[in-house]
Amino acid sequence: LTGIILVYSLIPLIWLVINATKTQSDLFSTFGLWFGRDFALFDNIARALTYDDGIFLRWFANTLLYVVVGAGGATLLAVLGGYALAKYEFPGRKAVFAVIIGAVAVPGTALAVPTFLMFSSMGLTNTPWSVIIPSLISPFGLYLMWTFAAEAVPTELMEAARIDGASEFRIFWQVAIRLLAPG
């Protein structure tokens with residue numbers, strides 16, 4: 001069964017690689033899972049990179065920006081917030097928990113129109129910020145880090161670090177983050 005699933009998963013990738021090597025005429029006149037008469041991979045890459053004055057490179061740069069800043073920022077905020085909610089007692093902590101659980105239950109598509117209207121009134125539509133800012137908020141990521149940090153970072157270890165004179169900042173960056181990081 002695993003072998004069948006593997007083949008089923010790899011066939012589209014194989015098709016993509018093989019067809020990237022074909023000319024346009026070969027693409028439509030040859031079998032999809034076999035190479036064409038001419039090897040045109042490098043010509044196809046050059047055409048894609050120079051198409052419309054290099055718009056593909058702009059798209060690629062945008063993707064990298066959104067992934068690094070958006071996903072990286074969401075991860076950092078989830079780790080910081082989850083750790084703080086798991087390890088510090090403060091008034092309103094249970095209310096924050098209720099809000100997070102409620103936010104996890106709301107689908108992102110339900111927030112699309114209100115988010116657009118808010119960004120439109122702030123003049124942020126059609127900018128990278130309109131993609132990055134919503135991606136920074138991850139209620140599920142915060143909840144996941146909260147539950148993970150509660151078990152992964154022993155309170156006794158934090159107390160030992162405090163006794164040794166470590167600040168809360170140092171406890172997080174030198175003790176807790178190592179326990180929260182995979183591997």
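Setting aside neighbours within four places in sequence, Tyr83 is in contact with Tyr88, Ala149, Val153, Met158, Ile171, Phe172, Ala176 and Leu180; contact here means heavy atoms within 4.5 Å. Before going on, please note that this is a predicted model, in which local features need pLDDT of at least 70 and side-chain atom pairs count only at pLDDT 80 or more, while totals for chains, interfaces and linings use all residues. Residues are numbered from 1 along each chain as its sequence is written, and side-chain values use heavy atoms, with hydrogens and water left out.

**The core around Tyr83**

Tyr83 also belongs to the largest nonpolar core, which has 18 residues; Tyr83, Val153, Ile171 and Leu180 touch the most other members. Helix 4 (55-87), helix 8 (139-152), helix 9 (155-163) and helix 10 (168-180) are the elements that give two or more residues to this core, and helix 4 gives the most, with five residues. A nonpolar core is a set of buried Ala, Val, Leu, Ile, Met, Phe, Trp, Tyr and Cys residues joined through side-chain atoms within 4.5 Å. Buried means under 20% relative accessible area, exposed means over 50%, and partly exposed lies in between (1.4 Å probe, protein chains only). Helices (H or I, at least four residues) and strands (E, at least two) are DSSP runs, numbered from the N terminus.

Ala84 is also found in helix 4. With a relative accessible area of 28%, Ala84 is partly exposed.

**Tyr88 and its partners**

Next comes Tyr88, in the loop between helix 4 and helix 5 (93-105). Tyr88 counts as partly exposed because its relative accessibility is 24%. Not counting residues up to four places away in sequence, Tyr88 touches Tyr83, Arg93, Met158, Arg162 and Glu168. The side chains of Tyr88 and Glu168 are joined by a polar contact of 2.3 Å. A polar contact is a pair of N or O atoms within 3.5 Å; within protein, one must be able to donate a hydrogen and the other to accept it, and residues adjacent in sequence count only if both atoms are side-chain atoms.

**Salt bridges**

Side chains of opposite charge can pair when their charged atoms come close. A salt bridge is a side-chain nitrogen of Lys or Arg within 4 Å of a carboxyl oxygen of Asp or Glu, and by this rule the count comes to three.

| Pair | N to O distance |
|---|---|
| Arg37 and Asp26 | 3.1 Å |
| Glu89 and Arg93 | 2.8 Å |
| Glu168 and Arg162 | 2.6 Å |

How exposed or buried are these residues? Arg37 counts as exposed at 63% relative accessibility, whereas Asp26 counts as buried at 2%. Glu89 is exposed, at 67%. Glu168 is partly exposed at 34%, and Arg162 is partly exposed at 32%.

**Towards the start of the chain**

Thr23 lies in the loop between helix 1 and helix 2 (24-29). Its side chain makes a polar contact of 3.3 Å with the side chain of Ser25. Ile11 lies in helix 1 (residues 2-20) and counts as partly exposed, at 39% relative accessibility.
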